[in-house]
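Q: I've got a model open and I'd like to learn how to read its helices. Can you walk me through it?

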Amino acid sequence: MSIFSFYTQRHAFHLVDPSVLPFITAISALSLTLGSVLYFHGHSGGLESTFFGLFGVLTCMFLWWRDVVRESTLEGHHTNIVQLGLRYGMILFIVSEVMFFFAFFWAFFAAALAPVIEIGSIWPPKGINVFDPIEVPLLNTLILLCSGATVTYAHHAITCGNKVEAVFGLVLTVVLAAIFTGFQAFEYVSADFTISDGIYGSTFYMATGFHGFHVAIGTIFLTVCLVRLTLNHFTIQHHFGFEAAAFYWHFVDVVWLFLYVAVYFWGGV
């Protein structure tokens, strides 16, 4: 037996190297949370602590995902069984996001199905000029559904080894996502009510705003995948980074359909 055989890896799992990033991320998250609380209550140093924590979290996110890309693309640590575990992790993450939106929908329907006397026992409350669901909301729905189709097109192009069509589909997806965000920003600017206008404003902006935040994160996710695609990081058999982005984007699509039907259409009647 060779003296080096003891050091040969005899399993398909990836044992990550020790890293200081989890510790720094935890400290940065604590600084971000504590600074935000101090800032909201008007204490000195809160804003500085918030920005320090935010900078630390963003830096650690960049460095951590850089290491993950390096491990999967250049070092070959992401075997089939590792990719399977990552898929399960992504699915569980999306399930946790579903719970967020479940809480927002619960609050919305609790207020809409049994409007209290303080808002006139009617829904929408008197004085709230809701959006016409056939105008910008419907257009945004069509845009987001089209983006779901284009990201699926890009996925199939990757599995077929067609890089040009994959880039084309992914570029279309990012462009459609940016257009969606622009229309939602226009909708917020032109709204006659704000988040402080009672229960309707609170539930509307929390639900749609949180979804808009997810759209922004998904757009960044897809843009990174586009850069990686142009750098030939994805192959026919190995493209989990793109699959994770596609899973996330389809989740964003489905949540918007529920938002459109419940908040814009049913909740505005």
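This is a predicted model: local features need pLDDT of at least 70, side-chain atom pairs count only at pLDDT 80 or more; totals for chains, interfaces and linings use all residues.

Q: Which helix holds His211?
A: His211 sits in helix H6, residues 198-230.

Q: Is His211 buried or exposed?
A: Buried means under 20% relative accessible area. His211 has 1% relative accessibility, so it counts as buried. Leaving out residues up to four places away in sequence, its contacts are Phe101, Leu144, Phe180, Val252, Val255, Trp256 and Leu259.

Q: How do I describe two packed helices?
A: You give the angle between their axes and the distance between those axes. Take H5 (residues 163-190) and H7 (residues 240-266): the angle is about 30° and the axes are 13 Å apart. The crossing of H5 with H7 is left-handed.

Q: Which residues in H5 and H7 meet?
A: From H5 you have Leu170, Thr173, Ala177, Phe180, Gln184 and Glu187, and from H7 Phe242, Trp249, Trp256 and Tyr264. Sorted by class, that contact has seven nonpolar, two polar and one charged residues.

Q: What span should helix H4 have?
A: The expected span is 1.5 Å times one less than the number of residues. H4 (residues 136-159) has 24 residues, so it should span 34 Å; its end C-alpha atoms are 35 Å apart, which agrees. Just after H4, Gly161 has a positive phi of about 75°.

Q: Where does the UniProt annotation put "transmembrane region"?
A: The unreviewed entry lists several spans, including 46-65 and 247-267. In the model, residues 46-65 are 100% helix, while residues 247-267 are 95% helix.

Notes:
Residues are numbered from 1 along each chain as its sequence is written. Side-chain values use heavy atoms; hydrogens and water are left out. UniProt positions are given in the numbering used here, feature names are shortened, and annotations may be inferred rather than shown by experiment. Helices (H or I, at least four residues) and strands (E, at least two) are DSSP runs, numbered from the N terminus. Axes are lines fitted to C-alpha atoms, for helices over the stretch in contact, and angles run from 0 to 180 degrees between N-to-C directions. A crossing is left-handed if the near helix is turned anticlockwise from the far one by less than a right angle, and right-handed if clockwise. Contact means heavy atoms within 4.5 Å. Ala, Val, Leu, Ile, Met, Phe, Trp, Tyr, Cys and Pro count as nonpolar, Asp, Glu, Lys and Arg as charged, and the others, Gly among them, as polar. Buried means under 20% relative accessible area, exposed over 50%, partly exposed in between (1.4 Å probe, protein chains only).
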